[in-house]
Amino acid sequence: MNNVKVGLVQMTCTADKQENLTKAIAKIREAAKKGAQIVCLQELFTSLYFCDVEDYENFKLAEAVPGPSSETLSVLAKELDVVIIASLFEKRAQGLYHNTTAVLDADGTYLGKYRKMHIPDDPGFYEKFYFTPGDLGYKVFKTKYATVGVLICWDQWYPEAARITSLMGAEILFYPTAIGWATTQDEATNIEQYNAWQTIQRSHAVANGVHVVSVNRAGEEAGLKFWGGSFFSNPFGTVIYQSPHDAEDVAVQEIDLDKSDYYRSHWPFLRDRRIDTYQPITKRLLDDEQ
């Protein structure tokens, strides 16, 4: 069996960047004590979710990647012998910013970064104000314990992103995330939205025959209640663990990477792909204006 122990950290955040980083470090240590070999943090864990407003002051939260936060986590990764997946607000240059995740190997090596490709712009999620769409393409990272693919939040709604990352060799898809409910919203809508969010990611697991690990934040910020609910899905879409909606959580699950071969052999979706017919998907819409 080709097993790896994977940890997720679901936490609340404050306006104090150092306080958030210190908390994340403590929770990574907790995950490592539980046996985690790979630990994934939630989206933009060093700050409050600042994209609820368009405010130029928030650009001061950004940093270089690699930079101070990733270097601190690199030392921790080496000390604990764990892989760390860390979502950060990247300042690439004067006036150029990305929503970026750094991957640090278990010996502390910075393996590289993935820049969020799909950038939303909705009430309370004004990300296009802050982030330039990723230009590094989809990425996989060959860590000590597994080859991992990283996608970020809004990316999770796009089967194309999951497919391409899986085809590149990802054994696990990680989704650092920050998503929640408006506090004025009714319970039925809340349930429907969470179920849609989880269902689409479980579908990526099924379609690609890989484990999916989705890591959301918790807590209430500026009229938004982040719904937590981080989870692990096996390659057939079964939720093998789900975090609570309203509390912090450090969870570790043992994943059998050989399950991908089992499910892909018994349900051979990759074998039966008709790649010769898929060219139309590169169009925005299949109408008369092509």
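Y194 is buried, its relative accessible area being 4% (buried means under 20%, exposed over 50% and partly exposed in between, with a 1.4 Å probe and protein chains only). W227 also counts as buried, at 2% relative accessibility. The model is a predicted one, in which local features need pLDDT of at least 70 and side-chain atom pairs count only at pLDDT 80 or more, while totals for chains, interfaces and linings use all residues. Residues are numbered from 1 along each chain as its sequence is written, and side-chain values use heavy atoms, with hydrogens and water left out.

Aromatic contacts come next. A search of the whole structure gives 28 aromatic pairs; rings of Phe, Tyr and Trp (its six-membered ring) pair if their centres lie within 6.5 Å, and planes under 30 degrees apart count as stacked, over 60 as edge-to-face and the rest as tilted. For F89 and F131, the ring centres are 5.4 Å apart and the planes stand at 85 degrees, so this pair is edge-to-face. F89 belongs to strand β3 and F131 to the loop between β5 and β6 (140–142), so the contact ties together parts 42 residues apart in sequence. Helices (H or I, at least four residues) and strands (E, at least two) are DSSP runs, numbered from the N terminus. F89 is buried at 4% relative accessibility, and F131 is buried with a relative accessible area of 4%. The rings of Y194 and W227 are likewise edge-to-face, with centres 5.8 Å apart and planes at 85 degrees. This pair links distant parts of the chain, with Y194 in helix α4 (residues 187–208) and W227 in strand β12 (residues 224–227), 33 residues apart. One aromatic cluster is formed by F50, Y56, F59, F89, Y97, F129, Y130 and F131.

Charged side chains also meet aromatic rings. The charged end of R217 sits over the ring of F226, 5.4 Å from its centre (a charge sits over a ring if NZ of Lys or CZ of Arg is within 6 Å of the ring centre and within 35 degrees of the ring normal).

Turning to the sheet, 6 strands form an open sheet with mixed pairing, in the order β5-β4-β3-β2-β1-β15; two strands pair if DSSP finds at least two bridges between them. β5 and β15 (249–256) stand at the edges with a single partner strand each, so one side of each has no neighbour in the sheet. From one strand to the next, the twist averages 30 degrees.

Within this sheet, strand β4 (residues 96–104) is mostly covered, with 8 of its 9 residues buried. Strand β3 (residues 83–93) runs antiparallel to β4 and is joined to it by 9 bridges.

Finally, helix α1 (residues 17–33) packs against helix α2 (residues 68–80) at an angle of about 20 degrees, with the axes 11 Å apart. Axes are lines fitted to C-alpha atoms, for helices over the stretch in contact, and angles run from 0 to 180 degrees between N-to-C directions. α1 and α2 are therefore roughly parallel to each other (angles under 35 degrees count as roughly parallel, over 145 as roughly antiparallel, 65 to 115 as roughly perpendicular and the rest as oblique).
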